[in-house]
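Subject: Handover of a structure with notes

Dear colleague,

Please find below the structure that I am handing over to you. My notes on what was found in it follow directly after.

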Amino acid sequence: MRGELIPKISKDLCNRMLTDLENARRPVLEAIKCSLDNARYSPKVGYLTPGDKKVQTELNVSSVQKMSRAIFLLEVLLRNIDTGAVNTKRELYYIAKGEVKHDPHLKPLDFQDQSESDAVIDFICEMLECYREDLNCYANDRGGQTYSNQLVVTETLPDGTKAVVDLGSLGTSPFQPKNRPQSLKLKAKKKIDFCLVVESEGTANTFVANGFCKRNNAILIGAQGVPSNAVRGWAKLIQDQLKVPIFFFGDLDAYTIQNIYRTLKAGSAASLIRNSDFSAPDVHFLGVLPEDIKKYDLSDYPVKESDVSEARALKKAADALKNDPFFQDKRNKQLSKLLEWLLKNKRRCEQQAFFMVDPRDPTMPEKIIVEKIKKGIYL
Amino acid sequence: MAKDKITSSSTAEYFSKNLQQVGFSSPTKAVLTTLKEAVDNSLDACEEEEILPEISVQIEKVGAGTLKNTDLIRIKVEDNGPGLSLDDVPKVFGEYLASSKFGRGRCSRGQQGIGISAATTWAQLTSAKGVTVTTKTKSMRQAVQVQVAVDIKHNKGVLKDKKEGKLKSGHGLSVEFLIDGRIQLQGEGGLITYLNGTALVNPHLTLHYLLPEQKQVTVPRVSTECPSVPPATEPHPHTMKLGEFIAHSHLFGRINLKAWLKKGFSRISDNSIAEFVKNGMDKKLVDTSVDKISESHFKDIFSVIHKTELMAPSTKSVMTIGEESFSKSVRRLGEVDFFSVVTRKPTICDYKPVAVEVAVARLKNLQKSEGQEDGPVQVLRFANRVPLQFDKSACAIVKAIESVNWRAYGLPQPKDSLPVGPYVIAVSMVSPFIKFKNASKETIDASDELVEELRRTLIQAGQRLSRHIKKEHREQDLENKLRYIEQFCPILVDCLCRITEAPDKRKKKATEGLEKILGRDLSVAKKELKEADIAAKDAAAKGKIQIIKDEPESPAEEGIAEDSDEVVEPKESKEKGGAKKAKSPKAPKAAKKPTAKAAAKSSASKEKSAS
């Protein structure tokens with residue numbers, strides 16, 4: 001775990017810079033290039049990993065402001081690590097502004113808006129090859145509300161004490177996983193058959209209310225759109241610690257496959273350095289599949305190309321087929337074929353369409369899902 | 001058989017019902033068009049007689065208009081031109097299509113003889129009075145004032161109330177319209193924009209104007225050279241249609257084809273006639289009299305001529321303002337910081353001679369007013385030295401400006417749009433045959449050839465300008481670098497030393513090292529500035545770009561001034577010397593690009609979506 005090494009790595013880095021300056025050499029800060037053109041994919045690894053490309057920032061008159069800001073914020077973050085304080089990016093923006101306010105010499109560093117300080121924080125993470133959570137900078141926990149009658153979570157708190165949460169005792173209230181789920185230990189009270197990640201938070205709620213967790217020995221997660229760090233790390237934890245099969249159930253459209261599902265399974269290009277802990281390579285795509293539309297006579301409808309977001313999703317999907325190493329890999333041929341099918345037919349079908357199969361049976365979607373899992377109808 | 005009787009109506013009747021087609025589509029446009037027609041006529045008349053024009057314009061509200069939401073407005077324009085004989089007055093002001101310029105192929109402002117008669121009609125329709133004209137020619141002993149009305153039924157002017165009149169100069173013409181309208185002073189369709197634009201492309205004009213709620217303004221001439229409008233050349237056969245071609249032959253009486261072709265057209269020689277014969281024209285026809293040639297033969301001759309390559313039409317019939325006069329005139333736009341002017345050689349676009357001139361200037365007063373720096377540049381369009389003020393987006397000139405990559409010259413520009421900044425781009429196009437999109441002459445039709453010619457001129461002006469802008473950017477760069485070194489060096493070293501808990505000794509050494517590193521960058525920046533400075537000075541020495549120093553060289557060149565303070569003509573300034581305002585000793589420096597912006601840009605590009 002790189003997190004504990006942060007203070008040492010930072011100190012070494014600053015020391016190198018200082019030595020360079022003493023010798024009138026230009027210090028160079030190096031960070032991994034986090035973009036699709038530097039993303040590699042191997043099915044053996046299972047997630048997108050960084051290539052050799054680095055972004056180098058050499059100290060000169062133009063970059064002196066950026067470097068000064070980076071070292072200034074690094075000092076603030078190291079202090080947080082030292083004292084155990086945590087902050088969000090927005091709070092750090094105001095902390096930086098506060099520092100400037102109290103020391104007029106720092107005035108030139110002042111951030112005009114949060115996007116500037118956010119960029120510096122991201123730069124520090126890329127430079128130290130760590131997560132921002134390692135620097136005690138947390139995003140708000142979003143998505144991943146989890147329901148299960150079998151799962152027990154043990155959280156190690158910063159002071160070393162442990163908190164045990166039995167999800168079965170929460171009733172219909174969900175468990176909210178953390179953005180840094182590495183401090184959690186999972187245990188199953190009884191054998192868990194599968195884990196289902198539902199794209200729509202609302203549909204996951206409906207399933208629970210209709211008794212999904214009573215009837216199935218399963219873990220049910222609501223993803224809430226593009227999976228956050230919390231959802232991604234949580235899925236990875238379930239995969240690694242419980243070794244249960246994970247299925248993703250969402251809409252059949254380009255955005256879901258290319259963005260939501262790919263991010264859950266293999267991480268994203270923007271987070272190349274953290275995909276190892278924030279992706280669940282064993283997750284399967286359960287549906288909606290084109291064959292489900294046929295089999296259950298589901299209502300689908302054409303993609304509106306006049307709609308800006310839908311047109312953009314199609315364009316991104318076409319780009320992904322060309323440039324995304326995940327979709328180019330042979331092992332993911334079924335997924336790239338599915339994307340091609342979507343691009344060609346320009347149709348989409350929503351996950352909620354399963355409710356039309358038997359409108360009077362609220363558990364019909366659940367029945368279909370369980371049947372699909374049993375019969376192995378997934379990608 | 002049609003139930004209703006078919007009647008014919010006069011041209012005046014048609015225009016009186018369709019005044020919107022000739023610039024009277026709204027009360028605001030009515031005022032501007034009336035003023036424009038009167039001023040255009042004055043300038044054309046002065047040019048014909050080679051008189052240096054001095055025009056006074058007075059516009060005032062005199063009450064409420066009869067139409068909804070309008071005022072009754074008096075527009076008075078007086079010139080020192082040759083004046084009109086009383087016989088010509090009703091024709092000029094009261095008769096449509098009565099013109100001395102129609103179809104002559106010259107670069108005069110007016111062409112058809114519609115505008116001023118339309119203004120009289122508008123006055124007659126809205127205030128029940130025509131136009132009051134006061135005229136005095138050199139041969140008249142006394143100026144005469146008459147009322148002219150349009151006899152709409154018969155397309156004729158009618159004179160009324162003839163009496164003795166008064167004019168400021170020994171000869172000239174004064175017109176006074178009382179019309180319903182609304183006054184708009186500023187903005188694209190504003191009266192001030194029109195008057196300043198007119199002054200810009202007519203360096204030889206002295207203009208006095210008094211507008212409502214404004215002080216009297218005098219724009220003195222900056223050139224004493226009266227532009228001579230070159231005579232028209234004969235038409236080029238490739239620009240004609242068959243009907244026109246045949247009709248053209250009727251103007252020459254009994255003359256053989258060979259002589260007619262040589263005399264009646266430009267660019268046809270004995271050689272080209274031999275070429276026509278070679279390309280299939282009947283040899284017998286060459287010596288036949290044109291009045292004996294049948295229509296079908298004309299058709300054959302016409303198609304052979306069109307098939308044969310001829311020399312492009314002559315460009316002698318177009319005129320230009322000239323870089324020197326235009327440069328002087330640009331300074332009348334306001335407080336100009338620097339500018340470049342390009343006059344291209346006349347060329348042929350769509351078989352018609354065209355001359356394009358461009359001035360790009362940066363204005364100091366635009367920089368000062370807030371928000372202007374981020375707005376699009378001000379575009380001044382001129383066709384035959386008349387400002388065009390409406391329907392900007394469809395105009396060939398705007399299309400050409402948008403097609404140029406101004407970013408290369410240091411002007412920010414959103415994609416496919418006008419560049420941004422406190423600049424004025426003035427484009428003047430002169431041609432005896434300008435293709436307008438409408439009868440009110442507001443937009444130039446954008447043919448590919450014309451847009452390309454305009455584009456080339458703009459590019460040339462942009463290139464000239466860029467030398468100075470680049471120098472400014474380098475200056476800015478150096479200034480930023482100096483500031484950065486001063487500000488960030490101590491912070492960076494302090495932070496590094498605190499994190500590494502380094503002793504003061506290391507801190508001192510690191511500070512020295514850092515200063516050394518950044519000093520190297522600085523000397524590079526200094527070198528770049530020096531190079532840019534040489535390039536800019538070189539451009540200025542060659543007259544490609546003109547930079548206005550903070551202190552004007554001579555007050556006479558300062559440009560537009562209000563009588564009460566910065567009066568241009570020394571005489572007038574003495575009259576009201578007490579009201580002189582203190583001038584700021586130094587004009588503000590060039591527009592500075594905030595460095596934070598650049599930094600934000602670079603950091604934004606780095607920003608990753610926080611999942």
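Two strands are taken to pair if DSSP finds at least two bridges between them. Please also bear in mind that this is a predicted model.

With that criterion, three strands of chain A form an open sheet in the order β7-β6-β8, and their pairing is antiparallel. The edges of this sheet are taken by β7 (162-166) and β8 (184-188) of chain A, each of which pairs on one side only. On average, and ignoring direction, neighbouring strands here are turned by 20° against each other. Strand β6 (residues 151-156) of chain A runs antiparallel to β8(A), and five bridges join the two. Within this pairing, A:T154 has A:K185 of β8(A) as its bridge partner.

A second open sheet in chain A has five strands in the order β5-β10-β9-β11-β12, with mixed pairing. Its edges are β5 (145-148) and β12 of chain A; each has a single partner strand, so one side of each is left without a neighbour in the sheet. Neighbouring strands of this sheet are turned by 25° against each other on average, direction ignored.

β5(A) and strand β10 (residues 218-222) of chain A run antiparallel and are joined by four bridges; here A:Q145 stands opposite A:G222 of β10(A). Strand β9 (residues 194-198) of chain A pairs with strand β11 (residues 246-249) of chain A in the parallel sense, over four bridges. The bridge partner of A:L196 in β11(A) is A:F247. β11(A) also pairs in the parallel sense with strand β12 (residues 284-287) of chain A, over three bridges, and in that pairing A:F247 stands opposite A:H284 of β12(A).

Helix α8 (residues 254-266) of chain A makes a right-handed β-α-β unit together with β11(A) and β12(A). Helix α13 (residues 364-375) of chain A packs on the sheet and touches β9, β11 and β12 of chain A; the direction of α13(A) makes about 135° with that of β12(A).

Next, a helix pair. Two packed helices are described by the angle between their axes and the distance between the axes. For helix α2 (residues 64-83) and helix α4 (residues 114-128) of chain A, the axes come within 9 Å and cross at roughly 75°. Angles of 65 to 115 degrees count as roughly perpendicular, and α2(A) and α4(A) are therefore roughly perpendicular to each other. On the α2(A) side the contact is made by A:R69, A:A70, A:L73, A:L74 and A:L77, and on the α4(A) side by A:S117, A:V120, A:I121, A:F123 and A:I124. By class, the residues of this contact are eight nonpolar, one polar and one charged.

As for chain A overall, there are 13 helices and 14 strands. Of its 379 residues, 43% count as buried.

Finally, the interface: 42 residues of chain A are in contact with 36 residues of chain B. On the chain B side, α13 (448-500), α14 (504-541) and α16 (595-606) each supply at least two residues. The most comes from α13(B), with 14 residues. The side of chain B that touches chain A has 21 nonpolar, six polar and nine charged residues.

With kind regards

Note on methods:
Residues are numbered from 1 along each chain as its sequence is written. Chains are lettered from A and ligands numbered from 1 in the order in which they are written. This is a predicted model: local features need pLDDT of at least 70, side-chain atom pairs count only at pLDDT 80 or more; totals for chains, interfaces and linings use all residues. Axes are lines fitted to C-alpha atoms, for helices over the stretch in contact, and angles run from 0 to 180 degrees between N-to-C directions. Angles under 35 degrees count as roughly parallel, over 145 as roughly antiparallel, 65 to 115 as roughly perpendicular and the rest as oblique. Two residues are in contact if their C-beta atoms, placed from the backbone, lie within 7 Å. Ala, Val, Leu, Ile, Met, Phe, Trp, Tyr, Cys and Pro count as nonpolar, Asp, Glu, Lys and Arg as charged, and the others, Gly among them, as polar. A residue is buried if 20 or more other C-beta atoms lie within 10 Å of its own, exposed if 12 or fewer, and partly exposed in between; C-beta atoms are placed from the backbone. A crossover is right-handed if, with the strands pointing away from the viewer, the path from the first strand over the helix to the second runs clockwise.
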